[in-house]
Amino acid sequence: MSAVEAKLAELGLTLPEVVPPLAAYQPAIRSGSYVYTAGQLPMVDGKLPVTGKVGAEVTAEEAKDLARTCALNALAAVKSVAGDLDRVARVVKVTGFVASAADFTGQPGVLNGASELLGVVFGDKGVHARSAVGVAVLPLDAPVEVEIQVELAP
């Protein structure tokens, strides 16, 4: 077990299987020393646990937990091409999309679910740049979608 997966286990979390693509793309691609993930939905055992807009059918706190699930799915995608999460030298960028009710403005707080998990798991290597974007709708009516970019050690 890698140190990263051991840290996840300490948190009571396990790395899931890679979520199969919903269309014509790969869950993650390596280019040089970087791995870029596709947008990851908060799928658990092949299903979305919640659907709808944040600020309407989904609370901000629920969405924050879903963003954490998205980050776990993104880590599984990274591992699928890197082989070992201990090879991650740095989390470079996190981009998150929040399906938002018209008056919801708490997208940064929702994305903290992903950012905080990456910070706890990777420590200083998990500090990253980030964008938190509110959108009208996401695939399958998911409340949140997260993609990450990481740099691998040689």
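This is a predicted model: local features need pLDDT of at least 70, side-chain atom pairs count only at pLDDT 80 or more; totals for chains, interfaces and linings use all residues.
Local features were considered only at pLDDT of at least 70 and side-chain atom pairs only at pLDDT 80 or more, whereas totals for chains, interfaces and linings use all residues. Residues are numbered from 1 along each chain as its sequence is written, and side-chain values use heavy atoms, with hydrogens and water left out.

According to UniProt, in an unreviewed entry, residues 5-148 carry the feature "domain: Endoribonuclease L-PSP/chorismate mutase-like"; such positions are given in the numbering used here, feature names are shortened, and annotations may be inferred rather than shown by experiment. In the model this span is 31% helix and 22% strand, and its end C-alpha atoms lie 17 Å apart. Helices (H or I, at least four residues) and strands (E, at least two) are DSSP runs, numbered from the N terminus.

Two packed helices are described by the angle between their axes and the distance between the axes. For helix H1 (residues 3-10) and H3, the axes come within 9 Å and cross at roughly 120°, where axes are lines fitted to C-alpha atoms, for helices over the stretch in contact, and angles run from 0 to 180 degrees between N-to-C directions. H1 is therefore oblique to H3, given that angles under 35 degrees count as roughly parallel, over 145 as roughly antiparallel, 65 to 115 as roughly perpendicular and the rest as oblique. The contact (heavy atoms within 4.5 Å) is made by Val 4, Lys 7 and Leu 8 of H1 together with Leu 117, Val 120, Val 121 and Phe 122 of H3.

Helix H3 (residues 107-122) also holds Gly 113, which counts as buried at 6% relative accessibility; buried means under 20% relative accessible area, exposed over 50%, and partly exposed in between (1.4 Å probe, protein chains only). When residues up to four places away in sequence are not counted, Gly 113 touches Lys 64, Ala 67 and Arg 68. Gly 113 and Glu 62 are 51 residues apart in sequence, and their C-alpha atoms are 9.7 Å apart in space.

Most residues other than glycine have a negative phi. Asp 45, however, which is not a glycine, has a positive phi of about 55°; Asp 45 is found in the loop between strand S2 (34-37) and helix H2 (60-82) and counts as exposed at 78% relative accessibility. A positive phi, near 65°, also occurs at Asp 141, which lies in the loop between strand S4 (129-135) and strand S5 (144-152) and is partly exposed, with a relative accessible area of 30%.
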